[in-house]
Amino acid sequence: MLPFIALQSIAIEVGAQQSKIYLPLLQDKRVGLIVNQSSRVADKHLVDFLLAENINVVRIFSPEHGFRGDQDAGAHINNSIDAKTGLPIASLYGKQKRPSRDALVDLDVLIFDIQDVGVRFYTYISTMHYMMQAAKEHQKAFIVLDRPNPNIQHVDGPVLDKAYSSFVGMHPIPILHGMTVGELALMIEGEGWLSGANDLNLEVVPVANYDALDEYILPVAPSPNLPNQQAIYLYPSLCFFEATAVSVGRGTDFPFQVYGHNQVKLGVFSFSPRSIVGAARFPKLEGEQVWGRDLRQSELKGFDLRWFVAAYSAFEQHNQRFITSPKFLDKLAGTNLIRLGVEQGLKSHQIEAIWRQEVAEFKQQRVPYLLYKR
């Protein structure tokens with residue numbers, strides 16, 4: 001039997017590879033691209049591929065982490081020029097997360113092609129929402145070149161309460177929504193989550209030969225602090241630590257694969273965060289010896305609060321402050337129920353039971369927008 005990855009590389013063709021579908025839609029059009037380092041057509045970047053096909057690419061729109069994916073999380077990204085192609089790059093991260101009218105006026109169509117990880121607080125889907133909204137307002141066509149979701153088999157976590165809507169959570173969906181960006185784009189438009197009376201001219205180019213029941217190994221790291229598949233699987237469960245005193249390994253070679261603290265010993269594994277340009281310039285607990293857990297061999301997938309609840313309890317026992325940014329925690333969770341549940345001493349399974357019915361209802365709500373076998 002061939003190895004899994006070999007089978008996968010033969011079978012699956014991402015939306016960007018379905019050029020026979022979308023190239024005819026781009027003829028004689030002025031094109032804007034929402035892309036990053038994951039936007040590949042085989043061994044070429046989508047920008048280079050389209051230029052080679054004589055498509056009139058006018059502008060690149062750059063999300064969090066930059067066009068080349070080498071900027072720190074949260075770092076402000078300025079407008080610039082791509083050195084290789086000379087194309088202007090309009091930043092969608094920093095002070096202006098929405099495109100300006102001037103950046104859209106000379107375009108006919110926008111293409112979104114970015115690898116997502118299927119987690120609500122991963123900001124690329126918020127960028128997609130803003131660009132869809134802009135396309136709708138300015139009557140531009142919007143094409144999503146779909147890509148597999150590496151966490152597609154999991155639908156879990158609280159459904160976002162709109163009172164906690166932010167750039168790290170814009171839609172009333174669970175933390176793990178189990179949808180591709182193409183499916184989610186159809187849902188955003190279909191459920192009326194965009195404002196405006198006119199319909200969006202939306203086209204989704206699906207992944208060929210994709211079965212959502214299969215595992216998908218990402219060929220390119222989607223962002224600097226999700227360097228491998230293990231980090232992608234652990235990210236939904238570890239990201240809440242970002243609102244606490246605990247480090248999740250930013251500033252190490254294994255971000256989102258460990259967690260720990262320098263004063264409250266959370267395990268026997270030791271690490272020391274350092275400044276890493278392009279990934280973690282000023283990491284939490286920089287230069288400190290941190291004690292916690294090494295999860296690089298963990299088989300956990302999906303969403304699990306046990307580590308978070310256990311860490312809260314350990315901090316309580318040491319009379320140390322655990323949640324350092326409650327507002328940010330609530331934004332990540334899309335609700336205050338997780339924070340309140342932890343503070344009230346609930347067990348992880350008791351907290352997780354709170355949203356079970358909402359998740360079941362969401363699974364039914366999303367059915368009309370699913371493109372792949374579940």
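This is a predicted model: local features need pLDDT of at least 70, side-chain atom pairs count only at pLDDT 80 or more; totals for chains, interfaces and linings use all residues.
Student: Where do I start with the nonpolar core, and which residues have the most contacts inside it?

Tutor: Start with the general idea. In soluble globular proteins, nonpolar side chains tend to be buried together. Here the largest nonpolar core has 112 residues. Tyr-22, Leu-50, Phe-142 and Phe-240 have the most contacts inside it.

Student: What does Leu-50 touch?

Tutor: Leaving aside residues up to four places away in sequence, Leu-50 touches Tyr-22, Leu-23, Leu-26, Leu-33, Ile-55, Val-57 and Ile-111. There is also a second, separate core of 6 residues. Among them are Phe-254, Phe-269, Leu-285 and Val-290.

Student: How should I read the pair α4 and α5?

Tutor: Two packed helices are described by the angle between their axes and the distance between the axes. For α4 (residues 124-137) and α5 (residues 181-190), the axes come within 11 Å and cross at roughly 50°. That makes α4 oblique to α5. The crossing is right-handed.

Student: Which residues meet there?

Tutor: From α4, Ile-125, Met-128, His-129, Met-132 and Lys-136. From α5, Val-181, Leu-184, Ala-185, Ile-188 and Glu-189. By class, the contact has 7 nonpolar, 1 polar and 2 charged residues.

Student: Is helix α6 mostly covered or mostly open?

Tutor: Count its buried residues, those under 20% relative accessible area. In α6 (residues 229-238), 10 of 10 residues are buried, so the helix is mostly covered. The buried residues include Gln-229, Gln-230 and Ser-237, along with Ile-232 and Leu-234.

Student: What covers the buried residues of α6?

Tutor: The cover includes β10 (258-261) and α7 (306-317).

Definitions and conventions: Residues are numbered from 1 along each chain as its sequence is written. Side-chain values use heavy atoms; hydrogens and water are left out. A nonpolar core is a set of buried Ala, Val, Leu, Ile, Met, Phe, Trp, Tyr and Cys residues joined through side-chain atoms within 4.5 Å. Buried means under 20% relative accessible area, exposed over 50%, partly exposed in between (1.4 Å probe, protein chains only). Contact means heavy atoms within 4.5 Å. Axes are lines fitted to C-alpha atoms, for helices over the stretch in contact, and angles run from 0 to 180 degrees between N-to-C directions. Helices (H or I, at least four residues) and strands (E, at least two) are DSSP runs, numbered from the N terminus. Angles under 35 degrees count as roughly parallel, over 145 as roughly antiparallel, 65 to 115 as roughly perpendicular and the rest as oblique. A crossing is left-handed if the near helix is turned anticlockwise from the far one by less than a right angle, and right-handed if clockwise. Ala, Val, Leu, Ile, Met, Phe, Trp, Tyr, Cys and Pro count as nonpolar, Asp, Glu, Lys and Arg as charged, and the others, Gly among them, as polar.
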